[in-house]
Amino acid sequence: QVQLMESGGGLVQPGGSLRLSCAASGTTFNINVMGWYRQVPGKERELVAAITSGGSTNHADSVKDRFTISRDNAKNTVYLQMNSLKPEDTAVYYCHAFVAFTNSNYWGQGTQVTVSS
């Protein structure tokens, strides 16, 4: 019912900024939570930030002083503003949506973020 498409990844130097976008399409009106996860090879996927349909946000401790999740309901798009990027932020970032009504999880294809000098 929901399709997610990420964009905005790329190569950035330490201390730089990057903004990821996730556009949702399909049956988007019943999405309860959207979030960003990241994963590096050999490690489990971890939650970076999430935002509810009501606008409440939560950020992982490792990024809460530097990253900000936001949402544009008119565009059905969620953003992740990443500032003061560190090499340890390097990962594939995945957009995620949860629909409680059907207990369904949806994932984007992922976008690579590389922080390197």
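The legends below describe close-up views of a predicted model.

**Basis of the views.** In this predicted model, local features need pLDDT of at least 70 and side-chain atom pairs count only at pLDDT 80 or more, while totals for chains, interfaces and linings use all residues. Residues are numbered from 1 along each chain as its sequence is written, and side-chain values use heavy atoms, with hydrogens and water left out.

**View 1. Arg38, Glu46, Arg66 and Asp89 are linked in a network of salt bridges.** A salt bridge is counted where a side-chain nitrogen of Lys or Arg lies within 4 Å of a carboxyl oxygen of Asp or Glu, and the count by this rule comes to four. Arg38 meets Glu46 at 2.8 Å, N to O, and the closest N and O atoms of Arg38 and Asp89 are 3.0 Å apart. Asp89 lies in the loop between β8 (77–82) and β9 (91–99) and Arg38 in strand β4 (residues 33–39), so this pair ties together parts that are 51 residues apart in sequence. Strands (E, at least two residues) and helices (H or I, at least four) are DSSP runs, numbered from the N terminus. Asp89 also forms a salt bridge with Arg66, at 2.7 Å from N to O; here the loop between β8 and β9 is linked to the loop between β6 (57–59) and β7 (67–72), the two residues being 23 apart.

View 2. Relative accessible area, computed with a 1.4 Å probe on protein chains only, defines buried as under 20%, exposed as over 50%, and partly exposed as in between. By that scale Asp89 is buried at 1%, Arg38 is buried at 7% and Arg66 is buried at 11%, whereas Glu46 is partly exposed at 36%.

**View 3. The largest nonpolar core has 28 residues, and Leu4, Met34, Trp36, Leu80, Met82 and Tyr93 touch the most other members.** A nonpolar core is a set of buried Ala, Val, Leu, Ile, Met, Phe, Trp, Tyr and Cys residues joined through side-chain atoms within 4.5 Å. At least two residues of this core come from each of β1 (2–7), β3 (18–26), β4, β5 (46–52), β7, β8, β9 and β11 (111–115), and β9 gives the most, with five. Where contact means heavy atoms within 4.5 Å, Leu4 touches, among residues beyond four places away in sequence, a set including Cys22, Met34, Cys95, Tyr106 and Trp107.

**View 4. Four strands form an open antiparallel sheet in the order β1-β3-β8-β7.** Two strands pair if DSSP finds at least two bridges between them. β1 and β7 stand at the edges with a single partner strand each, so one side of each is left without a neighbour in the sheet. Neighbouring strands are turned by 15 degrees against each other on average, direction ignored, where axes are lines fitted to C-alpha atoms (for helices over the stretch in contact) and angles run from 0 to 180 degrees between N-to-C directions. The antiparallel pairing of β1 and β3 extends over six bridges, and Val2 has Gly26 in β3 as its bridge partner.

**View 5. Ser17 sits in the loop between β2 (10–12) and β3.** Ser17 is partly exposed, with a relative accessible area of 41%. Apart from neighbours within four places in sequence, Ser17 is in contact with Val12, Gln81, Met82, Asn83, Ser84 and Leu85. The C-alpha atoms of Ser17 and Val115, 98 residues apart along the chain, are separated by 9.7 Å.
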